[in-house]
Amino acid sequence: MTTPALKNNFLPPGLVSNLQQALSNRKPAGDDGASSKPDKTDDDSAQPSSSGNEPGDDDGSKPIILVTNSDGIESPGLSYLVDALVREGTYNVHVLAPQSDKSTSGHSLSLKETVEVASVEVKGATAYEISGTPVDCVSLALSGALFSWSKPLLVISGINKGSSCGHHMYYSSVVAGAREALINGVPSISISLNWKKDGSEENDFKDAVTVSLPIINAAIRDIEKGVFPKGFSLSVEVPTSPLANKGFKVTKRSIWRSTLSWLAISGTRNQSAARFTGAQPGFGMQFAQLSRDASAAGAARRLTTQKNNIEVVESVGAARKSDFKRTVKYFRAEMVDKEHKEEDEDLDFRALESGFVSVTPFSPSLQLDPETETAALDWISSALLAGQ
């Protein structure tokens, strides 16, 4: 059933498709009413602190919004989103994003590895690029080791190039960024654009921001009021032509995914390594690499001077291993689309294909318990219907 459009959101009529139905179909609350009454957020989440010592930290009265993504610091989806949040003028925007594309890296964390962080210029925001993953970005930001705060009001991950519907949520690092925030008790939203290789263009990301701002603002409003429910994040999937969307639709996660295809390729070790290390690092990363190389060279010189005092013993196992001739092969995994068999129109990918903006609540395990699902559907429906 179609409901009135949100006010002042520049979207076509019929914005919210199935919200009233979701409200009418949701399970009634228990005797204690716990499932229908959202939990209040922690006080320190609603009122994040700021020392005022960093660029962009000059107004501690503004709520802190952390933005990350999976496509990299220079991606248009991130740029348009940050620009829109900064122009709103009501948020203290901080950015911590991967230096290169880390899509489909899932919930990977660079444990026991040195992660390089360098400041970058993003107008109106405090921004850094990182050599790690989106999960590294969120974990580091919330640790208090980089920023003067450790708990922003909201974490937004995106806007990602390509949908994260169905089982792609397990592979999706843009969803993982939002999930890492949720695990740490911080409300979060992941946003993806259903990019089509032969039909999409960069400006579609700008339109995707316009479409996404109403639900972002609704979440911020209710988090500040202390009425945003705990226990779930939102996965927002924007259709290929954002401004031609048919409205928001509350959806369920499908079991659809593309097929992984492994292809044997010819190449060298260096070519293979280059694919996994990403693009040429920025100046900050190069400077850090030079410093590390210099330290390694110094260590080598010291080792040479001490060599006469060191007795070198070569094991039999090591000697045998050096004679082993390895066979090296190279493979590359690619996603291949396959036919969708699920027919429920309220599934995420079905709604997206039909031109709706899919909004799917998810938990850290990606599966919602009945009470959390009820609270999530209740909030999404009421927030979008409020239209404020």
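Student: Are Tyr128 and Phe147 buried or exposed?

Tutor: Start with the cut-offs. Buried means under 20% relative accessible area, exposed over 50%, and partly exposed in between, with a 1.4 Å probe and protein chains only. Tyr128 is buried, and Phe147 is too.

Student: What kind of model is this, and what are its ground rules?

Tutor: It is a predicted model, where local features need pLDDT of at least 70, side-chain atom pairs count only at pLDDT 80 or more, and totals for chains, interfaces and linings use all residues. Residues are numbered from 1 along each chain as its sequence is written, and side-chain values use heavy atoms, with hydrogens and water left out.

Student: What is the mean pLDDT of the chain?

Tutor: pLDDT is the predictor's confidence in each residue, from 0 to 100. Here the chain has a mean of 76, and 64% of its residues reach 70 or more. Residues 1–15 have pLDDT below 50, yet this stretch has 38 contacts in the model beyond near neighbours in sequence. A contact means heavy atoms within 4.5 Å. Over residues 27–58 the pLDDT also stays under 50, and the model has 66 contacts there beyond four places in sequence. Where pLDDT is low, the predicted coordinates should not be read in detail.

Student: How many helices and strands does the chain have?

Tutor: Both are DSSP runs numbered from the N terminus: helices are H or I with at least four residues, strands are E with at least two. The chain has 12 helices and 11 strands. Of its 388 residues, 46% count as buried. Among contacts with a separation of 6 or more, 81% join residues 24 or more positions apart.

Student: Which residues touch the most other members of the largest nonpolar core?

Tutor: A nonpolar core is a set of buried Ala, Val, Leu, Ile, Met, Phe, Trp, Tyr and Cys residues, joined through side-chain atoms within 4.5 Å. The largest one has 47 residues, and Ile65, Val67, Leu85, Val95, Ile216 and Trp379 touch the most other members. Helix α7 (residues 203–225) gives the most to this core, with 11 residues. Another core lies apart from it, with 14 residues, including Leu96, Ile130, Val155 and Ala181.

Student: Which residues does Ile216 touch?

Tutor: Ile216 sits in helix α7. Its relative accessibility is 0%, so Ile216 counts as buried. Leaving out residues up to four places away in sequence, Ile216 touches Leu81, Leu85, Leu154, Ile156, Ile189 and Ile191. Take Ile189: it is 27 residues from Ile216 in sequence, but the two are 7.8 Å apart in space, C-alpha to C-alpha.

Student: How many aromatic pairs are there?

Tutor: Rings of Phe, Tyr and Trp (its six-membered ring) pair if their centres lie within 6.5 Å; planes under 30 degrees apart count as stacked, over 60 as edge-to-face, and the rest as tilted. This structure holds 5 such pairs. Tyr128 and Phe147 have ring centres 5.8 Å apart and planes at 65°, so they are edge-to-face. Tyr128 is in strand β4 (residues 126–130), while Phe147 is in the loop between α4 (134–143) and β5 (154–161), 19 residues apart. Phe228 and Phe232 have centres 5.6 Å apart and planes at 35°, so that pair is tilted. Phe228 and Phe232 are both buried. Tyr128 and Phe147 also form one aromatic cluster with Trp149.

Student: Which residue lies over the face of Phe356?

Tutor: A charge sits over a ring if NZ of Lys or CZ of Arg is within 6 Å of the ring centre and within 35 degrees of the ring normal. Lys249 does this over Phe356, at 4.3 Å from the ring centre.

Student: What covers the buried residues of α4?

Tutor: First the count: 7 of the 10 residues of α4 are buried. Among them are Pro134, Val138 and Leu142. The cover includes β1 (64–68), β2 (92–98), β4, β5 and α6 (173–183). Gly144 follows α4, with a positive phi near 85°.

Student: Where is the cis peptide bond?

Tutor: It runs from Gly158 to Ile159, with omega near 10°. Ile159 lies in strand β5.
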